[in-house]
Every structure is written in C-alpha cells, then in structure tokens.
Amino acid sequence: MNGKEKITENTSTHEHISSYAEHFGTWVALILLTLMTVFISTFGADLRTLTVATALLIATVKALAVALYFMHLKYDAKIYRAWMIIVMALFVFFLFMVTLDYITR
Amino acid sequence: MSETVVQQPSFFQVKKGLFSWIFTLDHKRIGILYLYSIGFFFLVAAGLGILMRLELLNPGRDFIEAQTYNQVFTLHGVIMIFLFIIPSVPAVFGNFFLPIMLGTDDVAFPRLNLFSWWLYILGALFALSTLVFGDGPADTGWTFYAPYSVKTGTNVTTSVLAAFILGFSSILTGLNFIVTIHRLRTPGMGFNQMPLFAWALYATSWIQLLATPVIGITLLMIVAERVFGIGLFDPSIGGDPILYQHLFWIYSHPAVYIMALPAMGIVSEIIPTFAQRTIFGYKAIAYSSMAIAFVGYFVWGHHMFTSGMSGPAAIVFSIMTFFVAIPTAVKVFNWVATLYKGSIDIQVPLLFALAFIFNFLIGGLTGLVLGALAADVHVHDTYFVVGHFHYVMFGGAGFAFFGALHYWFPKMWGRMYNKKVANTAFALLFIGFNTTYFPMLILGLKGMPRRYYDYLPEFHDLNMLSTFGSWILVTGIIVMVINLFAGGIKGKKASANPWNGITLEWQTASPPPLHNFDKMPELPAGGPYNYPNAKNASH
Ligand code: HEM
Ligand SMILES: [Cu+2]
C-alpha cells in the first residue's frame, strides 16, 4: 500500500542531486549534437559513406549523455550500469545473429 | 515457530464487496484476482484440448471441420500460453508471496500492480472477442507465422493485439518485482539470504522486462502489414518471412523460461520444507536461475532449423542450445541432493514437486533431441514437438503451479483441503498426463505431423491411448478443483505453519493480516533454509 515510503536504498548508494547547471549543460550538448546531425545531412558536409557512420556516432554520444546524466546512471550503484551494458550487449547479439543468418543464407 | 496470536483481521476481512476486490491495492488480493482469472482460462483452454483429443480419437472427421480444428488449436495455444502459463506463477504466487517472503508489506508499485491485472483482463477480452466478431478466432497457430497470418481472413489482428496487451501486463509485473527485490527486502536480508523463489522471480522478471518488448513490436508489425500492406514479412511484397520467425522467437524462447524458472523456484521451496533439511547448493540454484535466463537469450534459432535459415546460423544456435541444459541439470542435481538423507514427509505438494522433476526431465531431454540440428530435421512439426512442449509447460510448469497451490493453500485461505482427495487427484493427474502425452512422443517419431484434424490409419492405436489418457487427466483436474473449492469453504482450520516451513511467510497468520506481519519477522539464522533441528543441517 504505502510501498513508496519504504523505498530505501538497499544497495548502498547515497543520493545525488544534480545541479541545474549540469542538467542545463547536458541539454545544451544534446541540442548542439542535434544541430550537428542536421548540418551534416542537409548542408552537404560531404563525408560520403561516412555520413551514416557519423550520424550513428553522434546518436550514440547523445544516448550516452541521456543515460548518464538525465537517467542518473553516472551516480547510481554500479550494478545498474552493469545491467545497462548487459542489455545493450544482448541487443547487439540479436542483430549479429540475424545478420549472420541473412548474409550466409 | 508458530505465532497464532491473531490481533488483526485477515486481509479477507478488512473490507468486503466486489469493489474492494477489483480496485484493491493489496498484493495478496491482486494475487487472488489473478488466480481466479487465470484458473478460469486454464479450464476453458483445457476444455478445448479435450475437444481436440476427442476429434483425434479416430482418423477422419468426427465432429470438427478442418478449419474449425485450426481455430481450436490456435485458441487453445494462445490462451494456454498468454493467459495461463506465462502469467501463472509470478502473477498469482509471486504477487501473493514475494513481499511476504521478503518481509515487507507490499510490492514497490501497488497501483501498477492493479493496473497490470486490468490489462490482463483487457487482453483476455480481446482474445475472447475473436469468438464473436468477423470470421472467428485466428487459425494461424499460436505462433502467428507470416506470411499466412498476414493473409488469412480470420481475426488475427484482434488476437495479436490481445497478445500485445497481455505482454504489457507481463512487463509491468516484471518491473514491479525487480524494484521490489532491489529495494524492499527486510533489513538484514541480502540477496544471498533471499528465498530461492524470490531469486527465480528475479531472473524471470528480467526476461519479462527485456524480451517482451520484442514480441510487442513484432506483433504490431503484423498488424501494420495486415492493415497497410507494408511488406515487412510477406515475400510477395518484398518482405522476409524468416525475419518474422527471428523476431518472434527472440521473445518466445526466453518466454519458456518465464514459464519454467518460477516453477523451478517453487520446487526449490517445496523440497527443503518436506525434507526438513537445508537446501543443497543454495548459491548454485540461485545463480543457475540467472544463468538460464541469460543463456536463454542466445538459442532462439533452434525453432527455425527447417525454416530456411542459413546453415552456419543453425549450427551456432544448435551448439548454444546445449548450454542451457547445464544450469538446468545443476538444479535437478541439487534438488535430489537435498532430498538425500532428509526427513522426507510425502505430502501432496512434494508429490507435485517430484512429478515436476520427472516430467520436466522428459521435457528437457526431448528438448535436446529437438535442439540437435540433425535430429530436429526429422521431428520438426511432428507430434514429438507437441509431446515435448506439453511435458515442459504442463507436466513441468503446470504441475509446479498445482504444487504451489497445494503448498500455500493453507496460508492463503487459512484452511486445509482434504489431503486424501488431493492425493487421488494427484495420482489421476500424473497418470492421465503421461498417458496423454507419452504416446505423442512416439507418434511424432513415427512421423505424425502436428496441427491436423486427421491422421493416417497406422497412427490409430496410440491416438486412442492418448485420448483415453486425456479423460483420466480431465478427471484429475475436476477432482482437484472441487477439492480445493471445498477446502477453501469448509476445510479444517489451518495453523500458521502447517508444514513446519521456515521461510518468512510461515511466521505470519494464516491468512495473513493486511500488512502481512503483526510484528517484524525474524530471519532464520544461517540462511533461509537452515532447519534448526534437522539431521545433517550443517551442510
Ligand atoms: C487438458 C489438457 C490439455 C490437452 C488435452 C491438450 C491437448 C492438445 C493437443 C491435442 C494439441 C495439438 C493440436 C495439434 O497440433 O493438432 C495441443 C496443442 C497445444 N497445447 Fe495443449 N493440451 C492441454 C493442456 C495444455 C497446457 C496446460 C498448455 C500450456 C501451458 C498447452 C499448450 C499448448 C500449445 C502451445 C499448443 C500448440 C498450439 C499450436 O499448435 O499453435 N496445452 N494441446
Ligand atoms: Cu526454444
């Protein structure tokens, strides 16, 4: 019923409260990265096949920023970071096996 | 041991009336809501199963048309999988007992918990609505394989949406349990002091949380293809049907561990209690749950050996499949070792647990036959498969569910069922089950294909045997259900701890008060299964 009141840290971390500056900084970084993606694709920064790779790279950096700062992964217990990495690795494995099937068929 | 001082009313007594149930935030009441809904759908789908066996009593058409038969096995499969066995143990016993076994007063998100039950009901209504609208229930099999599922005129869209909604219900339950286990354990209970049932639910929850979204997306892709003709899976419009199978089984293989792991957790509770002995290899059992959940993600391709998947991929999947057998065998070894030299008290719950081991062993070993690439080419899509998965899901997970029901019944209702009748029901179930499904394994090896309403005359004898078995089986189900209802209404009052168990749920009243414990429960010294007076307790 009143489970919320009982949510205590059982995993030994102390609470971290992010500053406004940090949140705001992350937000600015995300905006800049978005502008960069748009710029590369529309305003003809001519990187040819590198375009896709660059876009993916930028997207990865953005995702990391969100996970680490907005989702607090940076300040939470290590176990949550481990879980996040396991999940991503699983996802990569899914893609890998499906692709393996596809190209060797 | 037994604290029978009941100062507070039980959770049944605190409030009365329909609304106090369907809008309850009490995890115990939600567990019971699930029990009734899940039990109801089990009986419906079992009825459909009996109907199919009746049609298969003789070769040729008896009373079901080919098309109707296709719809019957699909509905049977969809209900059994999505409405019965996937939610079964976590939603009923996980909800009821996880918080109690952790020594806390509820799950982390009680409202989300209630919401997940309502989603379950909504999904169930979607599934049932296929009976009344349009061209009737889907005829694709519970797997909804494309491109047929994209083309058939039956109600595939509604069935698929039902599975989609039920998936959300499952995700929310998993999320709730993960947070509950991380954050709400009673002070002093580390991960390694948790009961093994909690460990099993923890591993299961991660599968529910991570794998279910994959099926969600996949099912929406089916709908999108049916409605907008997008061309994801149908080769005639540029799609790849094997991609569908990949996506489907990326969820549905891990999903078999959503069914199996909680069942194994129950066996790990029942066996030490009725052997009155510390569990052998606590950590091995706990971590093997995690290992099974993990390895389970890498093997989905064993369902696709004959589908046109590439050779190299098939070989990799076949090898990986053999690895899952290891943690499973670890568990079986540990259960048997726990029984060794224990003070064994053969009661109904233990019988179900032992039957689980027996049936699951047959299910698991036939699974290895199917996982072996070369053997699977011969038995794929035969009755061997039907026999195999009933052994795992029904003889394994289903029997564990019944075992849990008999084990925790006195705690949930504060009454005891008639043990003699329960023994009889068990005997009928066990004999009926094996008579129904063992012949299917042989039929499959002889080449009888699955999903047909008809078969060649040479398969007649074994089919008759299987159908006779289904009559024994259904008698067992009926006797069990009646006995439990009778026990709940007018059974003898049960004490707080009728089996002399030592996990925390046995320290509170039967049935428990609203907030689970009248006073803080005491953790047993030296681990959750350390029986103080047992012989050989110090292993
Ligand atoms: C009363 C007990 C039951 C009986 C008599 C029964 C009978 C059958 C039969 C005869 C089939 C094969 C249809 C065919 O391939 O032509 C079948 C399929 C199936 N059964 Fe059962 N069954 C029972 C209980 C269960 C339970 C408890 C589960 C799961 C927990 C289950 C899950 C399935 C599934 C998934 C299929 C495959 C449906 C498909 O091919 O799409 N059954 N059952
Ligand atoms: Cu599988």
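The following exercises, each with a worked solution, concern a predicted model.

Residues are numbered from 1 along each chain as its sequence is written, and chains are lettered from A and ligands numbered from 1 in the order in which they are written. In this predicted model, local features need pLDDT of at least 70, side-chain atom pairs count only at pLDDT 80 or more, and totals for chains, interfaces and linings use all residues; side-chain values use heavy atoms, with hydrogens and water left out.

**Exercise 1. Describe the fold and burial of chain B.**

Step 1. Chain B contains 16 helices and two strands (DSSP runs: helices are H or I with at least four residues, strands are E with at least two, numbered from the N terminus).

Step 2. The radius of gyration of chain B (taken over C-alpha atoms) is 23 Å, close to the 24 Å that the globule rule gives for 539 residues, so chain B is as compact as a globular protein of that length. The globule rule is 2.2 Å times the number of residues to the power 0.38.

Step 3. The C-alpha trace of chain B spans about 70 × 45 × 45 Å along its principal axes.

Step 4. Of the 539 residues in chain B, 63% are buried (under 20% relative accessible area; exposed is over 50% and partly exposed in between, with a 1.4 Å probe and protein chains only).

**Exercise 2. Describe the surroundings of ligand 1.**

Step 1. Ligand 1 is surrounded by 27 residues (each with a heavy atom within 4 Å of it). The closest are Tyr69(B), His76(B), Trp142(B), His390(B) and Arg451(B).

Step 2. By class, this shell has 19 nonpolar, five polar and three charged residues. Ala, Val, Leu, Ile, Met, Phe, Trp, Tyr, Cys and Pro count as nonpolar, Asp, Glu, Lys and Arg as charged, and the others, Gly among them, as polar.

Step 3. H3(B) gives the most to the shell around ligand 1, with eight residues.

Step 4. A nitrogen atom of ligand 1 lies 2.8 Å from a side-chain N or O atom of His76(B). Oxygen atoms of ligand 1 lie 3.1 Å from such an atom of Tyr383(B) and 2.7 Å from one of Arg451(B).

**Exercise 3. Where is Asp135(B) placed, and is Asp135(B) buried or exposed?**

Step 1. Asp135(B) lies in the loop between helix H5 (110-129) and helix H6 (148-151) of chain B.

Step 2. Asp135(B) counts as exposed because its relative accessibility is 55%.

Step 3. Asp135(B) and Thr152(B) are 17 residues apart in sequence and 9.7 Å apart in space, C-alpha to C-alpha.

Definitions and conventions: Polar contact = N/O pair within 3.5 Å; in protein donor to acceptor, adjacent residues only side chain to side chain.
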